[in-house]
Amino acid sequence: MKHHFQSRRTYVAGILALCSASAGAESWTEASGLLGAAGIDPNEAKFMKDHNLKIGGWLETSVGANMNGSHSDGFNGPVTFNDRTGEVQLNQLYLYLQKAVTVSGDSFDIGGRVDFMYGTDAIFTQAYGTAAADNRGNWDLYLTERGERFYSIALPQAYAELNLPFGNGVDVKIGHFYTIIGYEVVTSPDNFFVTKPYTMQYGEPFTHTGVLASYAINSNWSVSGGAVTGSQTGGWDGNFDRGLGNWAWLGGATWTSDDAGTSLAVTSTAGHQAENNSSAWSMYSVVGKHNFTDKLHYIIQHDHGFTENLPAQNVTGEWYGINQYLIYDINDKLSGGLRAEWFRDHNGLRVNGPGRCFAASGNLGATNFACPNNPTYAAGGSSYYAVTAGLSYKPAKWLNLKPNVRYDFTDDIKAFDNGQGRNQLLFTADVVVTF
């Protein structure tokens, strides 16, 4: 009898241990960040909660293989961000500190946010202000030495945020912040695909410096508008110490259906090239989203930009394109997606290959530290086409694995393989760990 009772007690204890282990495993995979899964989330501290503060971040690393890279420069043509073949890239070591505001018509609130990025993506998100080698801003371009080569620091956001208690509440950002234009973004956890489309790489701004106000009219309509500065390209990627007399418009409107399954956003920026050059630099972007089912999602984007009377070329430039996405959620951890893009750089003024070489020119003196051999790719008016297929797998909420295959080709110039080819096949995969 005693033996039978002990067996039952052992059996029950085993069941309880198994349940406890299962609960622990569920907590580990369901935590939003790695630190939370480990039980050391700093945001759970009393000080952070009392002051409505949040600290967060992530780490992204990737590797790619270029099936058409027969030359030795190691670049994937005009493809930026994941721009190196056969190398492990630490794309983003990203940290942020935020005090979010409560947007309402009840009371005034103040907060803000500061972001820090280190990695191979940083050079594409810095506040250049202008491409001129002797006139670039000093916000975040000179924070690392040229010996780093592909690695640098960016401070893509540093702004104060206000809630003005008028109507439903007006959210106002003042400082340096990410653009509202386009669909894909710089922050890696927020993109489905590893590689970026041409529209984002060459057709849109990444950041702005200035003031932006946003207002939700109702559950269907929201609007935004503001003024941005510090740039010689219509308010794109402006800084704090160059071109502050040149102001541009930034704003847009978004409509969302009652069930939130369909939306349409129209955003734009428009301004002058410089304080002493009133020639236009403008663009708009239209992004439509629709959920065919709970699992099948469709996105379409159209961008169109233009500039006139560029001082160096004395020509008018125009660029435009269409992106389409189809994403299917196989289950709550795995999704598959397709992206097809056509981008027209009509006058050959926007697309540069390799993009890192253009971005680094003028930094830290005359030496192009990212491209010491100065590889030269063909430039000129051309259409660029890209088809990408990929997966997004999240075994835990804080861990995302994103492999994809991408095929690019052009119709007029040889933009790939060190200027020797018109097409390129890339296999790329990255890992994103959210803290």
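**Aromatic pairs in the predicted model**

At 18% relative accessibility, Tyr320 counts as buried (under 20% relative accessible area; exposed is over 50%, partly exposed in between, with a 1.4 Å probe and protein chains only). Trp342, at 31%, comes out as partly exposed. This is a predicted model, where local features need pLDDT of at least 70 and side-chain atom pairs pLDDT 80 or more, while totals for chains, interfaces and linings use all residues. Residues are numbered from 1 along each chain as its sequence is written, and side-chain values use heavy atoms, leaving out hydrogens and water.

Searching the whole structure turns up 20 aromatic pairs (rings of Phe, Tyr and Trp, the last by its six-membered ring, with centres within 6.5 Å; planes under 30 degrees apart are stacked, over 60 edge-to-face, the rest tilted). One of them joins Trp236 and Trp281 edge-to-face, at 5.7 Å centre to centre and 85° between the planes. Trp236 sits in the loop between β8 (221-229) and β9 (248-256) and Trp281 in strand β11 (residues 277-291), so this pair ties together parts 45 residues apart in sequence (strands are DSSP runs of E, at least two residues, numbered from the N terminus). Both Trp236 and Trp281 are buried.

Tyr320 and Trp342 have ring centres 5.7 Å apart and planes at 65°, so they too are edge-to-face. Tyr320 belongs to strand β13 (residues 317-329) and Trp342 to strand β14 (residues 334-345), so parts 22 residues apart in sequence are tied together.

Elsewhere, ring pairs link Tyr183, Phe192, Phe193 and Tyr325 into a cluster.

Note on methods: Helices (H or I, at least four residues) and strands (E, at least two) are DSSP runs, numbered from the N terminus.
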